[in-house]
Amino acid sequence: MFYVTTTPASTALQPVPMLDFSRQFAVLRDEVMAAITQVCDSQRFILGPEVASFEKAAAAACGVPFAVGCASGTDALWLAMAALDIGPGDVVVTTPFTFFASVSSILRCGATPVLADIDPRTFNISPSATFEALQKHAAPSHRLAIMPVHLYGQCADLDELQTAATHHSAMIVEDAAQAFGALWNGIPAGALGDTAAFSFYPTKNLAAFGDAGMATTKSAALDERLRSLRAHGMKVRYFHEEVGWNSRLDSLQAAVLEVKLRYVDEGNRRRRSLAARYDTLFTAAGLTGASTAEGIVLPYTDPRAEHIFHQYVVRVPRRDDLRAFLTAHKIGTEIYYPLPLHLQEALRSLGYKAGDFPETERAATEVLALPMYPELREDEQDTVVEAIRQFFG
Ligand SMILES: *Cc1c(COP(=O)(O)O)cnc(C)c1O
């Protein structure tokens with residue numbers, strides 16, 4: 001018999017995937033397949049009853065009377081702004097610390113994106129920087145809008161942003177792509193501005209089986225405009241009142257989404273409890289600090305927000321080395337986002353330069369998103385924290 005030495009627990013690290021969609025599918029498989037089969041049997045693939053039914057349920061979940069399904073979150077942003085007639089000459093203030101689509105959709109409307117730095121605690125757009133940007137760009141010749149992005153699943157400070165918007169008669173278009181089910185003062189994302197855009201890209205907390213998106217509004221007139229714009233600007237078939245786009249939501253995606261919508265609150269609750277557990281584990285391991293000079297900075301939740309932890313994002317010292325170490329141990333992580341938008345090649349014509357948004361630039365070098373999804377297991381979380389402890393130990 002061989003004498004087996006036990007491997008010290010501290011080096012036995014199991015792989016932990018950043019995301020594993022198969023776990024949710026295993027649970028919802030029968031329900032989802034039944035919904036898909038029903039669409040196949042009907043042979044109605046474009047818009048149709050599944051889309052109308054999903055829109056109704058999703059609108060109710062977002063606390064608004066109207067939701068309009070479309071082809072992607074990027075299109076939803078464009079539709080939301082186009083429905084408000086935001087166009088050439090108009091200025092939309094948003095954050096440089098977001099996904100590219102927040103800004104590309106503004107450009108696609110023909111409007112001018114103006115960037116404002118973030119609040120370092122929440123990573124969301126800074127209300128004071130937003131106010132300054134509006135002040136600087138206010139003119140009778142054009143309209144103003146603010147596009148707050150509810151980054152990582154936490155709503156931006158809509159109290160302050162609403163005050164700034166009112167002061168400058170600016171519209172608010174929420175980029176709620178990461179925040180289905182998030183609340184601000186008890187009000188759902190999607191019901192906080194004039195219009196809002198959601199993405200159901202497969203990695204989002206409400207996820208389709210492909211690309212899909214949705215715009216929401218409280219206004220019947222905007223709802224009608226959104227519906228027209230997503231289908232070539234026609235209300236009556238082949239009679240075009242304006243130049244829209246083809247950005248319809250497929251019946252198959254709507255059918256999948258309506259099933260998953262029934263589980264999104266439960267999923268968000270689980271995300272919050274996993275986030276709290278990460279906090280506890282990091283604190284117990286003595287790894288945390290108030291800044292990256294002291295240790296790992298845990299996510300901050302504003303007391304007015306109900307954060308749904310679409311992502312669990314920490315600030316860490318030696319971020320890139322830590323990430324390489326975790327990757328070597330097959331522990332998934334991601335960086336949202338490594339290069340701020342004002343430094344992107346494609347947006348060079350906006351005229352920004354390094355140093356313009358110091359909080360954003362610092363965040364881009366420090367943030368690390370850890371595995372976070374409702375089906376993540378506690379032993380996997382333990383592994384993630386243990387691996388990080390080994391790196392810093
Ligand atoms: C995902 C995302 C989008 C774009 O959504 P798509 O469905 O991929 O087009 C826009 N903004 C933010 C903040 C996102 O995370």
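Two strands pair if DSSP finds at least two bridges between them. By that rule, seven strands of this model form an open sheet in the order β1-β9-β8-β5-β4-β2-β3, and the pairing is mixed. Strands (E, at least two residues) and helices (H or I, at least four) are DSSP runs, numbered from the N terminus. The structure is a predicted model: local features need pLDDT of at least 70, side-chain atom pairs count only at pLDDT 80 or more, and totals for chains, interfaces and linings use all residues. Residues are numbered from 1 along each chain as its sequence is written, and side-chain values use heavy atoms, with hydrogens and water left out.

- Strand β2 (residues 91–94) pairs with strand β4 (residues 144–146) in the parallel sense, over three bridges.
- Opposite valine 93 stands isoleucine 146 in β4.

**Helices across the sheet**

- Helix α3 lies across β1, β2, β5 (171–175), β8 (195–199) and β9 (213–217), where contact means heavy atoms within 4.5 Å.
- The direction of α3 is at about 170° to β8.
- Helix α7 (residues 220–229) lies across β1, β8 and β9, and runs at about 10° to β1.

**The three-stranded sheet**

- Another open sheet has three strands in the order β7-β6-β12, with antiparallel pairing.
- Because β7 (187–188) and β12 (305–306) stand at the edges with a single partner strand each, one side of each is left without a neighbour in the sheet.
- Strand β6 (residues 183–184) pairs with β12 in the antiparallel sense over two bridges, and leucine 183 stands opposite glutamate 306 in β12.

**The ligand**

- The ligand is surrounded by 15 residues, of which the closest are Gly73, Thr74, Asp175, Ser199 and Lys204; a residue is near a molecule if one of its heavy atoms lies within 4 Å of it.
- This shell divides into six nonpolar, seven polar and two charged residues. Ala, Val, Leu, Ile, Met, Phe, Trp, Tyr, Cys and Pro count as nonpolar, Asp, Glu, Lys and Arg as charged, and the others, Gly among them, as polar.
- An N or O atom in the side chain of serine 199 is 2.6 Å from an oxygen atom of the ligand; a polar contact is a pair of N or O atoms within 3.5 Å.
- For lysine 204, a polar side-chain atom lies 2.7 Å from a ligand oxygen atom, and for glutamine 178 the distance is 2.9 Å.
- Taken alone, the ligand exposes 380 Å², and the protein buries 92% of that (Shrake-Rupley method, 1.4 Å probe).

**Backbone details**

- The peptide bond from tyrosine 336 to tyrosine 337 is cis, with omega near 5°.
- Tyrosine 337 is in the loop between α10 (319–328) and α11 (358–366).
- Serine 169 is not a glycine, yet has a positive phi of about 50°; serine 169 is in the loop between α6 (158–167) and β5.

Note on methods: Polar contact = N/O pair within 3.5 Å; in protein donor to acceptor, adjacent residues only side chain to side chain. Axes fitted to C-alpha atoms, helices over the stretch in contact; angles between N-to-C directions.
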